[in-house]
Amino acid sequence: MGDYLRPRGLEEALQALTRPFTVLAGGTDFYPARVGRSVTEDILDIAGIATLRGISETESGWRLGATTTWAELGEALLPPLFDGLKQAAREVGGRQIQNAGTIAGNICNASPAADGVPALLALDSEVELASRHGTRRIPLSAFITGVRKTELRPGELVVALHVLRPLNDARSAFLKLGARRYLVISIAMASVVVEVENGKVAAARIAVGACSPVAQRLPDLEQALTGARFDARLGERVAASHLAPLSPIDDVRGSAGYRSDVALVLLRRLLSKVAA
Amino acid sequence: MKLEFTLNGNAASWDGPPVTRLAAALRDDLGLTGTKIGCDAGDCGACTVLLDGRQVCSCLVAMGQVSGRSVETVEGLSADGEVVAALQQSFLDHGAAQCGICTPGMLMAAQELVRRNSKPTRTEVEDSLGGVLCRCTGYGKIVDAVMDVVASAPVTAPPAGEAVGARIVRVDGPAKVTGRDLFGADGIPGDALWIRVVRSPHARARFELGDLEPLRRRLAAVLTAADVPFNGYGIYPDIKDQPVLADGLVRYRGEAVVALVGERAEVMAICDDEVPIAWMPETPLFGVDAAMADDAPLVQADRPGNLLLKGGVKRGDMAAAFEGCAAVAEGTFETAFVEHAYIEPEAGWARRIGDRIEIHATTQTPYMDRDEIANLMRLKPEAVRIVPTACGGGFGGKLDLSVQPLIAVAAWTLGRPVALVYTRPESMAASTKRHPARVRARFGCDAHGKLLACDVTALFDTGAYASWGPTVANRVPVHAMGPYAIPNVRTWGEAFFTNGPPAGAFRGFGVPQAAIAHEAMLDELADRLGIDRLEFRHRNALRAGDTTATGQTLTHSAGLAQCLDALRPHWRKAHEEIAAFNATGGSRRRGIGIGCMWYGIGNTSMSNPSRMRVGLSPGGTLTLYSGALDIGQGSNTIMVQIAADAVGLPASQFALVTGDTDLTADAGKTSASRQTFVSGKAAEKAGQDLRQQILRLANAGPDAVLSLDGATLSVRDGAEVRTIDLATAGPLMGEGTFDPPTTPLDADGQGVPYATYAFAAQLAEVEVDTELGTVKVLRIVAAHDVGRAINPTLVEGQIQGGVAQGLGLALMEEYLPGRTENLHDYLIPTVGDIPEIECLLIEDREPLGPSGAKGIGEPALVPTAPAILGAVHHATGVRVHRVPLLPHRLHEGIVALKGKSQ
């Protein structure tokens, strides 16, 4: 049986990380990976650290505490910029998972099908990492580096995600495709944030998940939308060539070709929906 | 670590490793086994509790996180002095609990909602229950129960003589909604040793065991093939081909190889790679084509060509008849391995008592278990006692042995209680599956739409061991022409061994696979002749007086035409609505489909008797002794209803003893939709026998009215009332036996395979997203000829649950060894996938059955997939030849069709 530390403060947690620990928060990825076997590793339970939890508005935008749950996010009063993330929060697992699972857990688990990641990418969020030596911030797009791989260094914890306040009015939305309703791993999903100025797209940030090892932004599409009229025909501007950053695979949930086709459909619908 | 928290409103303390799962602490340390474990991975929601008022999966919460917080479980739902809370009462009144394994989780998930919103909408209920899987109910009655929590209409108990046909609350319901019912993993003694099974990671391999002595020194025992006195079991008396522990050779991934026995923490701490097994993998055979190949290696050494069984039915001159057909349709249809996915994994414990072994385990078939364990252990059957626990869903999957042999052998050898609880991945890897099928069908009719000929060949992948393979291969040819009068028939079935998981019994024994083929043929012929699909079926429906392909003349109770009549108004109205919807254009298209079926009740051409007893003790206790196991379908309740009316006393006065092989007679297995018809008839006869004895004692006529008050039994015959003092006259015991009359089938499949058949027709309305390939089932209307509904609520529950499984078969369920061995990669429908299901009960009485009843368990599932697939065709023009119809497969079909039309 390993150690189990449950610090109340961040400092205590960071001090503990002079040696390897498995970090536990919501438990929704931790326990499923340990079905039918005894847990022997050393555990650092960060769920009791109050400063890691909750959403706050800052001078530059918003801070989403690492152990904020999907349910808390879904119920938080936030501007339309966050609609996509809130819609994603309601599609993570079932209600029980939403009540326990955390946003930092979702990005650290680094599943290609992580439901929170496309929306957080579309928000251009930054990951705040802390260690005994200080803190650093890196874009989420640089944080997740591969399937189950992140930039997290030994001794570091994710303490928050940061979202900058956009220059213009922003709308956002999220769509998920699964083979059943509720409690389902995505076949494909997409999230968009569109900034609007004078009835035109001032900036667009778009990400697709479950169609590549790490969810991807689509810069060409973002570029193509910039300056376009913000109306229900926005979706018509999506072309297959915009999906070039994606590299979908065949698996039990769907074929690669199917994923490419439906990613296009999801994006068109999403843009029409957000502009409607 | 010692920690304090609030448990169901009271201060509680707990001590142990803080990484312990809350679910385990509740069950193992705090004695609250009402919280169930279905997967330990957050995939099923059975362990849902409230943590600070929020629903969570208690299998995902570390005890270290519970300190200082509030935990609420099913045991805390009812307030002091209350028998059950309003929510629990609503579950009882609506028949929302079937097997009951998901019920505590459902209740707690609902509690989070109704506490702040006592009149929730359907969407709110679905959002709240979306994380709890139920495999029995089809969710409809659960959703209704939650929506009606403040306005639940209480169910009243019927008086004497009026139990049959009444919607009485299930007799085991209170135990299920309070979490008191004990399932396989719930009653394990604290001093039991535990088993962990080491299983094969290979589908086909030879292996050698290394030196096990170091492990043996650490543990109570390490069991191998050599420790099993007779290391072979199987459903058929002459096919004992499956070893309890593999002996140098494994034939499927997940096969048991070594059993580690010891203290629970010790066996769980040993990793598979600490067990010295030298594997020599061989190329596995997957699928019937590989198994049938000329140079295919054998899966079973004594089975040439890997053939388990073949056979069929011939009637008339099929080949000549096709010559004269005005329209002929043909096609080939494939299905996958399908997992039962009962929410309760296999579990149980055994103990040795002197020279007897006693097994407490979840099962569908106590007497078969008893005889098989006796054979494996070289004991007399009387030396084995099976005490079935509550069964958290079976659907055919708990007809085969699972934990029983290993716990019995270990407990016998070690002289201590020994327990085994499968993990979810273990349950999925080790247990039987629905047979993958390839059904080639050809149907022909005349210009008026009268069916003339059919030719069906069904190939089945029976996996590594025979299990129920022969039952499937026998049953399908009898049913493969569908519930239609066709003069010229050839049907044929063959089953092949492969290195897939053993395919066994799963709700329908192969008939659901065959129905996908015959219903597609009926649709094609109807479309080709321009005849409405419902009317085409109506024209050809088997009716009383018709002769079946096996040469059996149906004398009564063939209600397919009535089922179709009942569907017709729904069918016509839906057609109009769908046409209007589709006229609006857009990427979503709606369609409607219809599926019909018939299903022989009980074993195919084999004796399958049931014996039941009804006793009246000197103290006035009226007891039904029923060996018919209730696996959620409700037989406990309907047996009491039937026996009550046969005796002439109220159902509410009955006590029930069920399952225990020491206390009840053999009522056969809970399979083949036979319990209502066969055991129900035996219960009726047992009740009538007891009544006769009472009437004789009272010297009363047949119309006498009985009443029981303590040990005093009053018999009112006309104006005269006689009283019997049971203290002196008792005990009385009535007994009844019934074995449905059948005859063997000859080489051409001619004979009487079943005494009676259930009939059904279902319609499905779907909406297809033609761009994404997704199918949403909008509505099912299910018309079932059940002979007589003993308890309409339970019948509806069976129909709705069967429909849900049929929907899963059609749209999402596919078991891939090594790939979908959990409940997040293997998908079963959630509350959000199941539409409104309207049940139309047709009661065309079967004279042989109790009060005219037949069966409903399997018939409920059979027509659903064909109806859905027919609706998809109606919506899109795509004829589906392979299920499950995953979104990418339908998308491919839609794209291909577009390509053709351009």
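# Two chains, one predicted model

What you're looking at is a predicted model, in which local features need pLDDT of at least 70 and side-chain atom pairs count only at pLDDT 80 or more, while totals for chains, interfaces and linings use all residues. Residues are numbered from 1 along each chain as its sequence is written, and chains are lettered from A and ligands numbered from 1 in the order in which they are written.

**Chain A as a whole**

- Chain A has nine helices and 14 strands; these are DSSP runs numbered from the N terminus, with helices (H or I) having at least four residues and strands (E) at least two.
- Its C-alpha trace spans about 60 × 45 × 30 Å along the principal axes.
- The radius of gyration of chain A is 19 Å, which agrees with the value near 19 Å for a compact globule of 276 residues. That radius is taken over C-alpha atoms, and the globule rule is 2.2 Å times the number of residues to the power 0.38.
- Take the contacts in chain A with a separation of 6 or more: 65% of them are between residues 24 or more positions apart. A contact here means that two C-beta atoms, placed from the backbone, lie within 7 Å.

**The two domains of chain A**

- Chain A splits into domain 1 (50-164) and domain 2 (169-275), with bounds that come from an automatic or database domain assignment.
- The C-alpha centres of domain 1 and domain 2 of chain A are 20 Å apart.
- Where these domains meet, 25 residues come from domain 1 of chain A and 26 residues from domain 2 of chain A.
- On the domain 1 side, helix H3 (83-89), helix H6 (117-122) and strand E8 (144-146) of chain A each supply at least two residues, and H6(A) gives the most, with five residues.
- That side of domain 1 of chain A is made of 15 nonpolar, six polar and four charged residues. Here Ala, Val, Leu, Ile, Met, Phe, Trp, Tyr, Cys and Pro count as nonpolar, Asp, Glu, Lys and Arg as charged, and the others, Gly among them, as polar.

**Chain B as a whole**

- Chain B has 23 helices and 31 strands. Its radius of gyration is 27 Å, close to the 29 Å that the globule rule gives for 902 residues, so chain B is as compact as a globular protein of that length.
- The C-alpha trace of chain B spans about 85 × 75 × 60 Å along its principal axes, and 64% of its 902 residues are buried.
- The domain assignment gives chain B domain 1 (1-172), domain 2 (193-283 + 346-421), domain 3 (507-601 + 755-901) and domain 4 (610-738).
- Between domain 2 and domain 3 of chain B, the C-alpha centres lie 39 Å apart.

**Two helices to find in chain B**

- Helix H21 (residues 792-811) of chain B reaches 28 Å from its first C-alpha to its last, close to the 28 Å expected at 1.5 Å a residue; the expected span is 1.5 Å times one less than the number of residues.
- H21(B) is mostly covered, with 19 of its 20 residues buried.
- Helix H2 (residues 86-94) of chain B is also mostly covered: eight of its nine residues are buried, including Phe91(B) and Leu92(B).
- The buried residues of H2(B) pack against helix H3 (103-114), helix H5 (140-147) and helix H6 (173-177) of chain B.
- Just after H2(B), look for Gly95(B), which takes a positive phi of about 70°.

**Where the chains meet**

- Chain A puts 39 residues into the contact and chain B puts in 49 residues.
- H4(A) has the largest share of chain A's side, five residues, and that side divides into 22 nonpolar, 10 polar and seven charged residues.
- Leu60(B) sits in the loop between strand E4 (54-57) and strand E5 (70-72) of chain B. Why does Leu60(B) count as buried? Because 26 other C-beta atoms lie within 10 Å.
- Leaving aside neighbours within four places in sequence, Leu60(B) is in contact with Gly27(A), Thr28(A), Tyr31(A), Ala100(A) and Gly42(B).

How values were computed: Buried ≥ 20, exposed ≤ 12 C-beta atoms within 10 Å, placed from the backbone.
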